[in-house]
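Here is a friendly note to read with the structure open beside you. Take the points in order, and look up each element in the viewer as you go.

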Amino acid sequence: MELSQQISRNKRKSFLLFCGFIVIYLAIGWAISYLYGNVALVIAAIVAVGMTLAALFLGDDMAVALAGGQKVEERSQAPELWDAVETMTLAAGLPKMPRVYIAMDESPNAFAAGRTQEQAIVCANIGLIRALDKEELEGVIAHEISHVRNYDVRLMTYAAVLAGSLGLISELGLRLGLFGGGRRDNQNPIMVIVALVTLILAPIAAVLIQMSISRRREFLADAMAAELTRYPQGLSSALRLIAGPAQATKNSSTIAHMYIVPGAFGALGRLFATHPPTEDRLAALDTLSGGIQHSHSKREYSQAMAGILGPQGL
Amino acid sequence: MTLIYILIALVVIVVLYAVVTYNTLVRLRQSAEEGFSDIDVQLKRRHDLIPNLVETVKGYASHERQTFEAVTAARAGAVSAHGPADQGKAEGVLNQALGKLLAVAEAYPDLKANQNFLELQRELTATEDKIAASRRFYNSTVETMNTKIQQVPSNIIAGMGNFETRQFFEIETPAEREPTQVSFS
C-alpha cells in the first residue's frame, strides 16, 4: 500500500472514532439531563472541561517526572540521541527542536509529550541508546517526532480525559440514581431504565474508542517515521529488537500508553491495548518498505509528504 | 428564486475555494522559506567545521598543500554562493574536495587514530545527515508548492497572489575530469 493512502486512511478512521466519542457524550448528556435536569448536566460539563485543561497543562512535566527523565542540555551529553532528534526535526520541518530527556532505565523504550509542536519533549531510556544502531535509533525517534508532528499527544490527552471524565460523570449519575436523589416524578419508567443503561455502557464504549484511536495513531506514526527516514527497515529492525525487553520499562502502568512499546498487554488483550501488536506493525512497515523501494520517484514522495502536510483530519 | 439560491451557492463555493487555496499557498511558501533557512544553518555549521579539519590534517600531512588549497577554495566558494542552484553546485565542489582530503587522511595511521580528527569526522557526518534531512523537507515542500502554482485551477489563485515557483536544492557532484577507465573484464 502507498504511504499517502495509509496516512489518509488512518486520518479518516481517527476522525470517525472521534465522532463516536461525541455521540457517546451526547447520549450521556441526554441521560443525565433526563434523570436529573439541566443543572446536573452543566456541572458535569464543567468537570469534564476542567479535567481536560488540567491534563493538558500539567501532563508533560508529570510524564517526564514519572519516567525519571533528565534534561539533556547540549549535544555533547548524548550526541547519538541529540543528532537523531535534530535530524528528524529537520526532516519533519518542525518549528523547533523538541527538548531532549534521558531516563536512566535499562529497558529500551522512548516516548514523546507536549501539547504543541513548540513545547514538545522527546524522552528516551538509556537502554534504547545502548541497544540500537544509528538507523534504528533514528527510526524510533522519527516515530516519536511523528507523534509531535501530528499533535497525537494532545489528541490522546483529550481522548484519555474524555473517557476518564465520562466514567466519573456516569458513576456520579448512577450513585444518584441508586439513592433516588433528585429524581423527578413524571418520568416514563422504561426511559429511566434506558437512561441508566446508557450511564453504564457509555464509559465502556468510550474506553474502547480511546484505545482504538490510540492504535490508529501508532500505525500513522510508524508510517510517517518511514517517510521521515526514507528507511522503514530502521524502525522495523528496532521494533524487532526492543519489543520484548522494552516491556520491562518502569512506571509502565501510569504512562505505558505513551511509550513506543507499551508494557505487556493485560488479560483483556487486543480490545483494550493502546498499541497494535508488534507483528501487525512490522507487517505494515514491510508493505511500506516495498512501496518505498519501488517508488523512488520524487513525485510519489511528494504526494506522500503532501498527505502528511495536508489539513489534519482532527 | 431557486436560480438565485443556486447562484449564491456557487459564488460561496468559489470564494471558499479561493480562500482555502490562497491560505495553503501562503503556508507552503512559509514552510519552504523556513526549510531553506534550516538548510542554510546546517551548511554554515559544516563550513565552520572545515578549517579545523584542515588544520588537524595539516599537522600530520603538511606536504599535501594542493589538497588543502582545493578544500579552502571550495569552502570559500560555498560560503559566498547564494540561491539554491549556486549553493547546490558549490556544495558539490566542496564535497569532492573534502572527499579527497579524507582520502589523503587514510594514508596516515597516526592521523586516523587522533581523537580530535575522529570527533571532527563524526560531527561532519552528523551535519551531512542533517543537511540531507532538511533538504528532503525543503524539496518536498517546494514540489507540493510548485505543483499547486502550476495546476489548474489553483494556478489562477497563485497568479493573482504573485506566488512564484521555487528551485529545488540539489547538491550536484561535478563530473570527474580524468578520463574514465573502462574495463571489459
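1. Start with two helices of chain B. Helix α1 (residues 2-58) and helix α2 (residues 65-80) of chain B pack at an angle of about 170°, and their axes are 11 Å apart. That angle makes α1(B) roughly antiparallel to α2(B), a label used for angles over 145 degrees, while those under 35 count as roughly parallel, 65 to 115 as roughly perpendicular and the rest as oblique. Axes here are lines fitted to C-alpha atoms, for helices over the stretch in contact, and angles run from 0 to 180 degrees between N-to-C directions. Helices (H or I, at least four residues) and strands (E, at least two) are DSSP runs, numbered from the N terminus.

2. Who meets whom between these helices? From α1(B), B:H47, B:I50, B:V54 and B:K58 meet B:F68, B:V71, B:T72, B:R75, B:A78 and B:V79 of α2(B). Two residues are in contact if their C-beta atoms, placed from the backbone, lie within 7 Å.

3. A word on confidence and bookkeeping. This is a predicted model, in which local features need pLDDT of at least 70 and side-chain atom pairs count only at pLDDT 80 or more, whereas totals for chains, interfaces and linings use all residues. Residues are numbered from 1 along each chain as its sequence is written, and chains are lettered from A and ligands numbered from 1 in the order in which they are written. The pLDDT is the predictor's confidence in each residue, from 0 to 100. Chain B has a mean pLDDT of 89, with 94% of its residues at 70 or more. Chain A averages 77, and 77% of its residues score at least 70. Over residues 293-314 of chain A the pLDDT is below 50, though this stretch has 30 contacts in the model beyond near neighbours in sequence. Where pLDDT is low, the predicted coordinates should not be read in detail. The model scores ipTM 0.81 and pTM 0.77.

4. Now find the sheet in chain A. Its four strands form an open sheet in the order β1-β2-β4-β3, with mixed pairing; two strands pair if DSSP finds at least two bridges between them. At the edges stand β1 (69-71) and β3 (110-113), each with a single partner strand, so one side of each has no neighbour in the sheet. From one strand to the next, the twist averages 25°.

5. Walk across the sheet pair by pair. β1(A) and β2(A) are antiparallel and share three bridges; here A:K71 has A:Y101 in β2(A) as its bridge partner. Strand β2 (residues 99-103) and strand β4 (residues 121-125) of chain A run parallel, joined by five bridges. Along that pairing, A:R99 is partnered with A:I121 in β4(A), and A:A103 stands opposite A:N125. β3(A) and β4(A) run antiparallel with four bridges, and A:A110 has A:A124 in β4(A) as its bridge partner.

6. Is β4(A) enclosed or open? Five of its five residues are buried, so β4(A) is largely enclosed by the rest of the structure. Buried means that 20 or more other C-beta atoms lie within 10 Å of a residue's own, exposed means 12 or fewer, and partly exposed is in between, with C-beta atoms placed from the backbone. A:I121, A:C123 and A:N125 point one way from β4(A), and A:V122 and A:A124 point the other way. β2(A) is mostly covered, with four of its five residues buried.

7. Helix α3 (residues 79-92) lies across β2 and β4 of chain A, at about 145° to β2(A). Helix α5 (residues 134-149) packs on the sheet, touching β3 and β4 of chain A, and its direction makes about 20° with that of β3(A).

8. Finally, look at the core. A nonpolar core is a set of buried Ala, Val, Leu, Ile, Met, Phe, Trp, Tyr and Cys residues joined through C-beta atoms within 7 Å. The largest has 71 residues, and among those with the most contacts inside it are A:A110, A:V122, A:C123 and A:V140. Helix α7 (residues 189-229) of chain A gives the most to this core, with eight residues.
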